[in-house]
Amino acid sequence: MESNDLEEEEFGFSRNYFLAKELCSSSKKSARKVSDINLVDEQELREAYAKLEFKHEKEINNLVNSYRKSYAEWVFMLRCGFGLLMYGFGSKKGLIEDFASTALTDYSVVVINGYLQSINLKQVTVTLAELLMEQLKPQRKLENHPKNQQPFHTQSMDDLISFLDGPHLDDGESFVCVVVNNIDGPALRDSESQQYLARLAACSHILMVASTDHVNAPLLWNKKMVHTEFNWYWYHVPTYVPYKVEGIFFPPILAHSGSAQTVKTASIVLQSLTPNAQNVFKVVADHQLANPDGEGKWLRMPLNNLYTVCRECFLVSSQITLNAHLTEFKDHELVKTRRNSDGEDCLYIPLTSDALQKLIHEISQ
Amino acid sequence: MAPSADPETSPSISTTNTDLQPFFLLHKASSRKPSSKTRRRIDLSPKASDASAQEYNDNSRFETFKLLWSNTEFIIKDVLKNLNTTVFDGIDKWVHASFDAIHACRTPDFTTATSMYPIPNNVPIGAQIFTALLFTKNVESVDDISTFDDLGAHLRSSGCLVANLTSIDFSAKNGVGGCLKTLLRQFLLAGIDAPEMSILASWYNEQENYDKPLIVIIDDVERCSSSVLNDFILMLSACLYLSVCEFNLGTPAERMDAVIEAVLLRSFQSVNIGKHVSTFLRNYFLRHDGTLTLFVKALRIATAQQGLDGENNLLREPAMKRALELPSLQRFCETRGNCIDWVSALSELKRLHQLWSSLVMCLYEVGRYHKISLLDLYCEMLKLKLQNFGANDLNLVEKDYTTSVHDNQSPGCLQDKGYVVRAFQMLRDLSAMELCKILDRWEMLTRGIEEIHEKVKELQSQITLEVKQSRHDLRKESKRPAARTYKNDKTNNSTINEKVASFLQSMFREYIQSIESIPLQEIIFFDNVDNLNTALIGDPRRRIQADLLESRKLLKCSCCSKNDGVLVPSMHDTSIMYTLVQEHGDLINVHEWFHSFMAVISNPPLKAKKKLRMSPSPKKRKDSKEARTKTDASIQAVTELQITGLLRMPTKRRPDYVQRVAFGL
């Protein structure tokens, strides 16, 4: 009976888990290191991705094209009040955007790229409200709604949502469609964003199509969101299309996680600081480059020395100003302090000399 | 984006400019104003006539869905509202009583506009916030969203001013200001930037609002931030004393039964589910979800899928043709001399469904005494086979069953033949009084169904007479020894019970056909459990892993499918990587993993698995370039696994290992 199947299944799961654990503890842990592999710079890697040829291009195309015959069904489900949730392995960005641009031509479509690092949902909502307003305009000439005289971008999220949800004088088919690529992406992973998306999806004038890639994506939502707000209709649409854009913001596992990345971020931070602050940093860097010690490390610069040097160069006028700069450096981990054997606070920059030279070169430009 | 081999056919949109924008407008609604009849246009079919036919089909499907679903939804809402009416009336009474109590102790000379209701000295009632706790008997709050909306509407209709707040309004982030804002928004019907209690107070003192009780409904109070809730209560009144009154709502199982009765049994114009789907939903309700919301959503999906199949829209020609091939209709026609008569088939369908439903309800009336839920009974009735209703069979089943009836059955396990038989058993054990009550109920339930109703009435009068007779005998024999009387009474009763039971049995035998033999049952009973399951629940965890491990099945390529189960270089990179993961424990050494991958993609299939190559030391320039490409491929594959969440990346503590997240499908 099915109950047995279920137990079997649960048993199978736990068995697999413990087997895996056992395998790990019984066999000797391999001591091989990632750094033994011939590593490459992230920059180079990114360039290489773009040129990489992908296997099964033809089959992937056939697979993606085979979903086209379901477009009519998807539209039907959208009209029935469901939100479409596409899952399965492979980037679904191309697929759902193609769906939106061929089958959803009657509605305005806004695409949200959830794989990016941050998204302002308020702005999105304002755009949606403006689009809906535009769509409703012909019908609401006679209607005089005092609330809508206020421009949308000054309204609160609640007002915007109630506008999108509100009953309007129309035939009930004025919709704005929201396409969310990676609704489980980094920008949308927090519960507040998901709450807003759910409230948007529940609006009577909004249709939602979303894609999800993470196996644990359903954990983002509670039952209220899943069944009443998003009202998901799941579609399994594996595409095997490489996650090109979606992967951009993941730090690659086999790249040099060190220098290239840190030099880049450090130079961005430094460039945003005042010229004086940059010069103070240069003083520390020069000291470090000029005094390499035998073991590939450097003599650290005592704090008092730094103050003296900086004062001489007219970079700072008091200890307080210097401390302000140093706090800024420490906050961004550009500089670290350690106490030396004499009990003095010493400064150093946690970078290799190559990286440091590169950094100095970049900020001097 | 799909790599486009053929720009004509492949979905290739140039989105490169927009890839890095947080959001963008893909296109605006087409300028063509969609008319109410023909608003769907999908340019997938080449011919214009095809397109318009498609459009017509889509619209008629949608109309079918709309009709069916609005009907079903209306029924469900109505049922749930009616279930709660008594509780709501109780709350209403309590509100007005409390409000009168506040009024009665109000001092006449109040002028303070800043307090909600004046707090007279030494009068405890004025210092209370009257609070009702409404217990939902439900772990999930999702079922009660509509309950609280309904309660708000109910109280508004009886002249209260109501604000519905939820736990989101009581978040620590927005603090007490956030909930005050929502409160003012709901009472004053306008957004206020600087919420203050005095605004509410002065609004309340206005002529039209004064003398009305002010109700704040807080939904899902367990999830509110306790400090914010505390502040909120402090703000409502200077004192902390809450005068609490308790009310209870029905359990999810009760609601479920009410919905099943109204939607699946009493209504003919709503979706119906077959045995597989009903069992699936029952098990999911009992084991996993426990909410009515999921059940309602499932009904909605069923309605939509049925609309999509189009078989229930018999007006359309292709659907009609398909319907002609339905086995149930063919069987029906065979019995009627092979002429296809739609009208009679449909009316037969309706008749049999009504008979079936009313008999299920009759049985449920009995089952209630044994706390058998309608959900269980309904699922079992759908599964029953016709032959089980032969008198001998039923008895046999009962014998088998009585031995196991008191076994501790786990609640989630649907036992074969259990509930129906148990209900029959119950019928034999009822007292005369209960039996009369049940017959009264049956009489009501079968109204409008001529075949049964008359017989029920006949039986009712017969039984009433016999019960009277036996009481009369009882009085006569009251002087005889007690044991004898008892025995006599019992025999009397059991003959009456036996009569009723055999009546119901004969009704079953006569009128209940197994669902499969009802003509056109395929149309009204939605039973595609796989479709429903994937649409309703999805299963990303299992499916995404299966996509990776069985990529060759989905891609249908000629190169990889020959070597079933063996890793070949031509396979999808991420697929190879993930298959290799399966060979490791919960921690995977990145170095080894990487080299196994390299070995797979550089070697012919047979040697691939075992040979681990050490760090490549390229001798030729060409080799190094090739190795680089492979490295890139593997890194891309790891990134993809990271996106799917199947791996946990190295941490500072274990920089050389990734961790597996999923074990087994």
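Which residue stands opposite Leu647(B) in β10(B)? The exercises below work towards that strand and then beyond it.

This is a predicted model, in which local features need pLDDT of at least 70 and side-chain atom pairs count only at pLDDT 80 or more, while totals for chains, interfaces and linings use all residues. Residues are numbered from 1 along each chain as its sequence is written, chains are lettered from A and ligands numbered from 1 in the order in which they are written, and side-chain values use heavy atoms, with hydrogens and water left out.

**Exercise 1. Describe strand β10 of chain B and its partners.**

Solution. Begin with the terms: helices (H or I, at least four residues) and strands (E, at least two) are DSSP runs, numbered from the N terminus, and two strands pair if DSSP finds at least two bridges between them. Next, take the partner β9 (residues 647-648) of chain B, which runs antiparallel to β10(B) and is joined to it by 2 bridges; here Leu647(B) stands opposite Arg660(B), which settles the opening question. Then turn to strand β8 (residues 587-589) of chain B, which pairs with β10(B) in the antiparallel sense over 3 bridges, with Gln659(B) as the bridge partner of Leu587(B).

Finally, look at the side chains of β10(B), which spans residues 657-660: Tyr657(B) and Gln659(B) point one way, Val658(B) and Arg660(B) point the other way, and all are buried. Buried means under 20% relative accessible area, exposed over 50%, and partly exposed in between (1.4 Å probe, protein chains only). In a regular strand the side chains alternate between the two faces of the sheet.

**Exercise 2. Work out the strand order and the edges of the open sheet in chain A.**

Solution. The sheet has 3 strands in the order β6-β8-β7 (chain A), with antiparallel pairing. Its edges are β6 (301-302) and β7 (336-339) of chain A, each with a single partner strand, so one side of each is left without a neighbour in the sheet. Between β6(A) and strand β8 (residues 345-348) of chain A there are 2 bridges in the antiparallel sense, and Pro302(A) stands opposite Cys346(A) in β8(A).

**Exercise 3. Find what covers the buried residues of helix α7 of chain A.**

Solution. Helix α7 spans residues 157-165 of chain A, and its buried residues are Met157(A), Asp159(A), Leu160(A), Ile161(A), Phe163(A) and Leu164(A). Their cover includes α6 (121-136), α8 (191-201) and β4 (206-211) of chain A together with α3 (175-188) of chain B.

Conventions: Contact = heavy atoms within 4.5 Å.
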